[in-house]
Amino acid sequence: MRIVVAVKQVPDTAEVRIDEERGTLIREGIPSILNPFDSYALEEALKWRDELGGTVIVVSMGPPQAEAVLREAVSMGADEAVLLSDRAFAGADTWATSHTLATAVEKMGNIDIVLTGKQAIDGDTAQTGPSIAASLDWPQITFVGNVRELSEKHIIAERYVEDGSEVIKSSLPVVVTILKDANIPRLPSLKGKMRARKIEIPVWGKDDLELPEGEVGLDGSPTRVVNIATPEIFTDGQIHHGEPEELAKLMADSLLGTEDS
Amino acid sequence: MNYYLSEELNDIKEICAGIAEKHIIPVRALLDEENRFSREIVNAMSDAGLHGIYISEEYGGSSEMFGGGSMALCIATEELSKACGGIALSFAANALGAMPIMIFGSEEQKKKYLPDLVSGAKLAAFALTEPDAGSDAGGVRTKAIKDGDYYILNGTKQWITNGGEAQIYTVIALTDPSRGARGLSAFIVEDGTPGFSYGKKEDKMGIRASATRELIFEDCRIPAENLIAKEGYGFIVAMKTLNRSRPGVAAQAIGIAQGALDEAARYASERKQFGKRIDSFQGIQFMLADMDTQIEAARALTYSVARMIDAGEKKYDKESAMAKVFASDVAMKVTTDAVQILGGYGYMKEYPVEKMMRDAKITQIYEGTNQIQRSVIASALIKETAARRK
């Protein structure tokens, strides 16, 4: 079983603040951590690797310092790590990011499953996982809280949705996004830490992935962030008392704008 | 203070801090209240590779990576003790149980027992103390009488840390009652050996997350090959083991003290009286300053002794006693002051410092009371002085 875990280095949101004027995150002086949801994806990968044998490869797209989260993943037990880093990748939206990650997965070859956290705690889009699947043209199972079965042939996973859960069976290869209900991530071991310090982490750029300019980074990103703002909270609610029929009419009128009729 | 620890020693520190945060701090008050040992936490330590740090690579461990096992053991014990002195003791007692085999065991014994301790498949315990043999090891009454290819053990060991939880026990018993301390020998006794059972489970003042139990031997037959070193070497095995492990007790004391100081300093920065943070009052400031200084002095002494042992020094009984005495007295003082700084809150179980104060007390008592340690230091000093006079 060859498992890829796509991870992201994120600012520790417990410490993050927003630059109100620019609408961007203030990243200076904020410690970077492994996206917590990705640690559940990693644990799931390690758990199944320990049971079925095989290799866990962690991959991250980011600046050179994102190597730190890859080393952290190796200290927890990942076998290999690849960093996707290139000036040309800067400014990528979720489409360009997932396209770049998917291309790396193709380059690795013979991958059975790609796992990732349900979303990153900085962007909160939950798009990268599904978009990797789309880019690879693989099936996807999102918001998985319990991987019931995994074999060379198929996966049976339970996805937790708002009003219950769905059990999905899929063939491999597949992309799965993991919730924190799935497991309790392990701590690094001494052996892992020693390995993490020594392991060579290859850095793949645009040319290594043979990606054209228009498909990576800002140029390859259809999304434009126009504004980031805290939603205004409306507090001018009204409370009416009366018979149900009366109140229903009042509400309907209010919604339809027919109050005066 | 920067002790310029190697990257490897810093790894140990980080791993222990992770275990403390994730596995120990959330349950320490409960384990204390319920007087309960947690095998799960000990397993988390083995998964992280901590039980191998003081055992040679030859037997599956990694002590060479840390320049020997003593500093490694101290760093781990200290870091774990910051969170809970009781759980840290279960870790350190495992090392204590392994040491007679590590230092005096035959190649066969090392190969048979040490790898299982590294992997965490088994736990170890050291059994010397008896109702009449505390500071005076010569008071041991447990007998081991040779019978062909076996020794037959009879007697009771008391207050054995990891008792009932460990699978491998290193036991000191009398093979020749006529020779007193020189008639003692050390043995390996495995859990499940017929005639070996567990007695009273102790209800202790502190370190309640560690198991403390009686071991009972009734015509317990153990193979003669379980003898460690030779007959009559028991006293030496016990003394060398304790000399080697004493910096570990010092490290435990330092960890407990540091944990208490951290709590006290944080509380003092948040608590307001008379409209001001209480750490703005000189009375509190001077207490905190003394606590911090004492801990640092204890740590510097303890690390120096551990490094001395790792460097291969053969004689360190005096230094090892000094570290234990000094650090444990500091721990008692610092934890008492931490309770004082937290005032009424410090006296309540909602805050961790009262537990730390209870946990600290034992470090002045076990592995040789501080009074016995002072005797060791004084007699070494007197000998040194006499040697100089010649």
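Q: What shows where empty space is left?

A: Rolling a probe the size of a water molecule over the atoms does that. In this predicted model, the structure holds five cavities of 30 Å³ or more.

Q: How much space lies in the largest cavity?

A: About 90 Å³.

Q: Which residues lie nearest the centre of the largest cavity?

A: B:A92, B:S245, B:G248, B:V249 and B:E367 do. They belong to a lining of 14 residues. Helix 4 (70-83), helix 5 (85-104) and helix 7 (234-270) of chain B each give two or more residues to that lining. Helix 5 of chain B gives the most, with six residues.

Q: How do the lining residues of the largest cavity divide into nonpolar, polar and charged?

A: Nine are nonpolar, four are polar and one is charged.

Q: What lines the second largest cavity?

A: About 50 Å³ of space lies in this cavity. Its lining includes B:N35, B:R36, B:F37, B:E165, B:K201 and B:R208. By class, the lining of the second largest cavity has six charged, three polar and two nonpolar residues.

Q: Why is the second largest cavity said to lie between two domains?

A: Because domain 1 (7-122) and domain 2 (125-234) of chain B both give residues to the lining of the second largest cavity.

Methods
Residues are numbered from 1 along each chain as its sequence is written. Chains are lettered from A and ligands numbered from 1 in the order in which they are written. This is a predicted model: local features need pLDDT of at least 70, side-chain atom pairs count only at pLDDT 80 or more; totals for chains, interfaces and linings use all residues. Side-chain values use heavy atoms; hydrogens and water are left out. On a 1 Å grid over the protein atoms alone, a cavity is a set of points where a 1.4 Å probe fits but cannot get out, and a pocket is an open set with protein on both sides within 12 Å along at least five of seven lines; lining residues have an atom within 4 Å of a point. Grid points are joined across faces, edges and corners, and a volume is the space filled by probe spheres set on the points. Helices (H or I, at least four residues) and strands (E, at least two) are DSSP runs, numbered from the N terminus. Ala, Val, Leu, Ile, Met, Phe, Trp, Tyr, Cys and Pro count as nonpolar, Asp, Glu, Lys and Arg as charged, and the others, Gly among them, as polar. Domain bounds come from an automatic or database domain assignment.
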